[in-house]
Amino acid sequence: EQKRAPRLVTVFGASSASGPASDDGHAGHAFLHDFCMAIPYGALALLASLGLFMFGAASTAISCASGGAVALACSIFSLKAWKVQGDSTAFTMLAGGTAGYVAYQCYAALQIGVVPWLTGTML
């Protein structure tokens, strides 16, 4: 039986071995999740909090702002840990949990009619 050699994938200057024989040693999901998902979502949550505050929904704005700030911070720390081949799973899980918290808060605000187009966007 012939084994496939792992191939080297380079994305934005960061390389990672992929394939069945990969002995990379750290979570490969972190770079894709943090760069493509958590950073834009955190920035969007911060922008949405500004809009919610301008429309008078201060409590929902505070929830979005705090959630966006935590998601951005988790993403930055996760990427730093990933670059030195550390374990970034806790940061990735916290960012995912924070996104769930923001979605729940926006859903609750949407149910009572607080700026439906903006709170619906955050879902």
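Colleague: How many aromatic pairs does the count come to?

Modeller: This is a predicted model. Rings pair if their centres lie within 6.5 Å. By this rule the count comes to two.

Colleague: Phe55 and Trp117 form one of these pairs; is it stacked or edge-to-face?

Modeller: The ring centres of Phe55 and Trp117 are 5.9 Å apart. Planes over 60 degrees apart count as edge-to-face. The planes of Phe55 and Trp117 stand at 90°, so the pair is edge-to-face.

Colleague: How many residues apart are Phe55 and Trp117?

Modeller: The pair links distant parts of the chain. Phe55 sits in the loop between α1 and α2, and Trp117 sits in helix α4. Their separation is 62 residues.

Colleague: Are Phe55 and Trp117 buried or exposed?

Modeller: A residue counts as exposed when its relative accessible area is over 50%. Both Phe55 and Trp117 fall in that class: exposed.

Colleague: What class does the pair of Phe77 and Phe91 belong to?

Modeller: The centres of these two rings lie 6.0 Å apart. Stacked needs planes under 30 degrees apart, and edge-to-face needs over 60. The planes of Phe77 and Phe91 are at 40°, so the pair is tilted.

Colleague: Which helices does the pair of Phe77 and Phe91 link?

Modeller: The two residues are 14 apart and belong to distant parts of the chain. Phe77 has a relative accessibility of 46%, so it is partly exposed. Phe91, at 30%, is partly exposed too. Phe77 is in helix α2 and Phe91 is in helix α3.

Colleague: Which residues form a nonpolar patch on the surface?

Modeller: The patch has about 430 Å² of accessible area together. One member lies in helix α1, residues 29-54. The patch is made of Met54, Phe55 and Trp117.

Colleague: Is Val115 buried or exposed?

Modeller: Val115 is in the loop between α3 and α4. Its phi is positive, about 40°, although Val115 is not a glycine. Buried means under 20% relative accessible area. Val115 has 12%, so it is buried.

Colleague: Where does Gln85 lie?

Modeller: Gln85 has a positive phi near 60° and is not a glycine. Its relative accessible area is 52%, so Gln85 is exposed. Its place is the loop between α2 and α3.

Colleague: What pattern does the chain follow along the sequence?

Modeller: The chain has four helices and two strands. Read along the sequence, the pattern is β-β-α-α-α-α.

Methods: Residues are numbered from 1 along each chain as its sequence is written. This is a predicted model: local features need pLDDT of at least 70, side-chain atom pairs count only at pLDDT 80 or more; totals for chains, interfaces and linings use all residues. Side-chain values use heavy atoms; hydrogens and water are left out. Patches are made of residues with over 30% relative accessible area and no salt bridge: like charges are joined within 9 Å, nonpolar side chains (Val, Leu, Ile, Met, Phe, Trp, Tyr) within 5 Å. Accessible areas come from the Shrake-Rupley method with a 1.4 Å probe; for residues, only the protein chains shown count as cover. A salt bridge is a side-chain nitrogen of Lys or Arg within 4 Å of a carboxyl oxygen of Asp or Glu. Buried means under 20% relative accessible area, exposed over 50%, partly exposed in between (1.4 Å probe, protein chains only).
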